[in-house]
Amino acid sequence: MFESLTASLSAAFTTLRGRGRLTESNMREGLESVRTALLEADVAYDVAESFLDRVATDAVGSKVLESLDPAQQLVGIVHRELVGLMGPVDHAIPFVPGRPTVLMLCGLQGSGKTTSCAKLARRIKEQGRGVLLVAADLQRPAAIEQLAILGRQLDLPVHVPEGVGADPVAVCAAGVARARREGHAVVILDTAGRLAIDEALMAELARIDRTVGPDQVYLVVDAMTGQDAVRSAKAFNEALELDAVIMTKLDGDARGGAALSVKSVTGVPIKFIGTGEQIEALEPFHPERMAGRVLGMGDVVSLVEEAQRKFDQEEMRRQEERLREGEFNLDDFKKMLQQTRRLGPLGKVLGMIPGMGGMQEMLAGTDIDQDMRRLFGIIDSMTPAERRQPARVIDQSRRRRIAAGAGVEPAEVSDLVKQFDGMAAMMKGMAGLGLEDRVRQMQRLQGELTNPAARVARPKGDTGKRLTADERRRQKKQREKDARRKKRGG
Amino acid sequence: MAIFGFGRGKDDAPGEKPAARPGILDRLKAGLAKTKQVLATDVRDLFKREGRLVDDAFLEELHGALVRTDMGPAAAAAIVGDVRDRQKSRVVDPEAVVDSIRRQLLARLETTAAPLASAAAGPTVILVTGVNGSGKTTSIAKLTRLFTRDGKKVVLGAGDTFRAAAVEQLAMWAERLGAEIVRGPAGSDPASVAHRAVARALEAGADVCIIDTAGRLQTQSNLMQELTKIRRVVTKLVPDAPHEVLLVIDATAGQNALSQAKGFREAAGCTGIVLAKLDGSARGGVIVPVTEQFGLPVKLVGLGEGADDLEPFSPERFVAALLDGALAAPA
């Protein structure tokens, strides 16, 4: 995880702080932490080694760093190199005009080929092209049925083999012929899963390749794959000449080091990533984000994009305005929570924010949705006045009433009020800040949240400027003068 | 092996963007070609010469060989550390070092040799869980085969009501293997299917009831809670059930298997592991840290797509395969 990588890097560089120069000897320990991070992310051993070699040569020499924080500097270099290695990516699928474009998907058993076929088909269909799916997995029971169901869901035709004992090569050829006959723009072949060391099945794949001549061959790789990723990717690439990789199951907590391994060994870029079981959960691959993930650095770019897409822009603007005017009450708080919820499971959202990795783990045991419902229940049991200024208005008797209304303990109401009080001040401070400052603010918030002993405290106000002793005396005098005048009833 | 090859690449123009520098891929490929030799080596080949000096280079090679089994950097480092402490700077007898590693791995896996639990009376209920595509349904087919071969009556619960055609897949197996199957409509509550399957097993006087579940990632807390619910429902019918909750782990999985074991153990109370797809080039070394950290025994290993390709886990054979074939390069 990023936290631990940063921690160990910082430890490795403590003696260096202030001087900030990277040399062969003082980088050794830092690179060792990076190496462990890469191996824990399942980057193939040899890929990690050659990668660190490159980073080392890059970081020393004329690129002597004058940064105050060599740990960050090194992570930056590592990150940049990772991005360079995994990119560039072209997300376009090259279509051939005048005849069906044939795409073939292959991979190990259980990597997610059939699901990826459907996702890919949906994506292409959305671009306005006709797709024919071909069920050529005659190995796994009901694989044909699965593709047929997915085809029905997508309202797309599926070519299924006739009779039992059909030959996958013949099925693929027949599917392509049918697409030509019926005028489908794209054909997607779903092949059976196979082990890279299964020579007979690899030969069969090569036979399909020769007979049908697919325009694009995509390898489907499970993001959770370990060291074996290099071996199988290499074997598939040798048998088929892959054009791209689809990496699946990235919606979990796999660090996905296999992405780096596969790209390094085969040179084949990753085009798409699977991020869920839903048929629309296929996204373009972004090396920068993947690099962060492999290092455990979170994925702030993805978050921002996703947020922009799903957030109600208008609502955001209104809230922003209110915040700038110093208004932030429990109603706003509730709206905000509801919006955050729309992004998807809160755990997933949190995991994308740098520094929130630990938060995700912390929340793993709790049902966030249920907690949110309780919060909403409490807020809904309040009067408008209570929602506006909870800390000021809610006394013991009101607290008892609210708790009874929401079906919770009075202590929970107090908790909410206290937490909200600290948060409101922080939210008001956040309005008008740039994205970067906000992220920093969020990280601070997290730091406080993860400290079980502490409550989110109201941030200390800023006096704006430092006063001299003389000015302070003058101000005090003025205040006393004002107070006296008030007393006299002026 | 020079990990920090500072001497190398001096000819590269410094200051240029790495992406713009020519030949990165070629250099990488050259580097990989070199290490290919190591890849193709057996652990014991490191000792082929009469005695070998245990130096840093040697320990590094050993570390690499162990990491490549997927046992993870920590376990590999611990083993290498042990060899270093005891044999650094000595010229060692090859067999002794191999023995020491084998013994260490065995010690780590020792706790794990355990047969499948069975009910004292009534049907033995087995719940099968795992992430998507790990091989749950196929493993269930193999388990069924294991029982029917002994003349036992098996009822299957098609609890994967989510994935398209998952129920059909299990039904096809049930038909082939002569087991009864209890199914619900697509999208129905898996807990109700589980409940009906167990009820049916009780009613039919079956020996075993195996319940399939939809694949889920351990980070999906709502789906993980569904497992808890399935468990609860089963316990209501048969108080000491489920007798086994198996987690199917794909042998090609890397360090994420640790997170899987953690998540599934917490939510579903896993009692054992089925290591699937061990017939490929992956060695499944990740079960070394998994068993060590979570005390979950490996009960069975899957070795192919056929119904008979399931074997009881043998630590001895597993460790032998780990050290023997771990470094075999793909064809």
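A nonpolar core is a set of buried Ala, Val, Leu, Ile, Met, Phe, Trp, Tyr and Cys residues joined through side-chain atoms within 4.5 Å, where buried means under 20% relative accessible area, exposed over 50% and partly exposed in between (1.4 Å probe, protein chains only). The model here is predicted, so local features need pLDDT of at least 70 and side-chain atom pairs count only at pLDDT 80 or more, while totals for chains, interfaces and linings use all residues. Residues are numbered from 1 along each chain as its sequence is written, chains are lettered from A in the order in which they are written, and side-chain values use heavy atoms, leaving out hydrogens and water.

Let's start inside. The largest nonpolar core has 139 residues, and A:L189 and A:F236 touch the most other members. Its top contributor is helix α3 (residues 45-59) of chain A, which gives eight residues; helices are DSSP runs of H or I, at least four residues long, and strands are runs of E, at least two, numbered from the N terminus. Because domain 1 (3-86) and domain 2 (101-291) of chain A both give residues to this core, it lies between them; the bounds come from an automatic or database domain assignment. Apart from this core lies another, of 29 residues, including A:L133 and A:L282.

Now for the charged side chains. Over all chains there are 32 salt bridges, each a side-chain nitrogen of Lys or Arg within 4 Å of a carboxyl oxygen of Asp or Glu. In one of them, A:R122 meets A:E126 at 3.0 Å, N to O. These two residues are four apart in helix α5 (residues 113-126) of chain A, which means that about one helical turn separates them. A:R122 is partly exposed, at 23% relative accessible area, whereas A:E126 is exposed, at 60%.

A second bridge joins A:R398 and A:E386, with their closest N and O atoms 2.7 Å apart. Since A:R398 lies in helix α20 (residues 396-406) and A:E386 in helix α18 (residues 384-388) of chain A, the pair ties together parts that are twelve residues apart in sequence. A:R398 is partly exposed at 29%, but A:E386 is buried at 0%.

In chain B, B:R149 and B:D308 form a salt bridge, their closest N and O atoms being 3.2 Å apart. B:R149 belongs to helix α5 (residues 136-149) and B:D308 to the loop between β9 (298-302) and β10 (310-312), so this bridge ties together parts that are 159 residues apart in sequence. Salt bridges that share partners also join A:E32, A:R35, A:E49 and B:E60 into one network.
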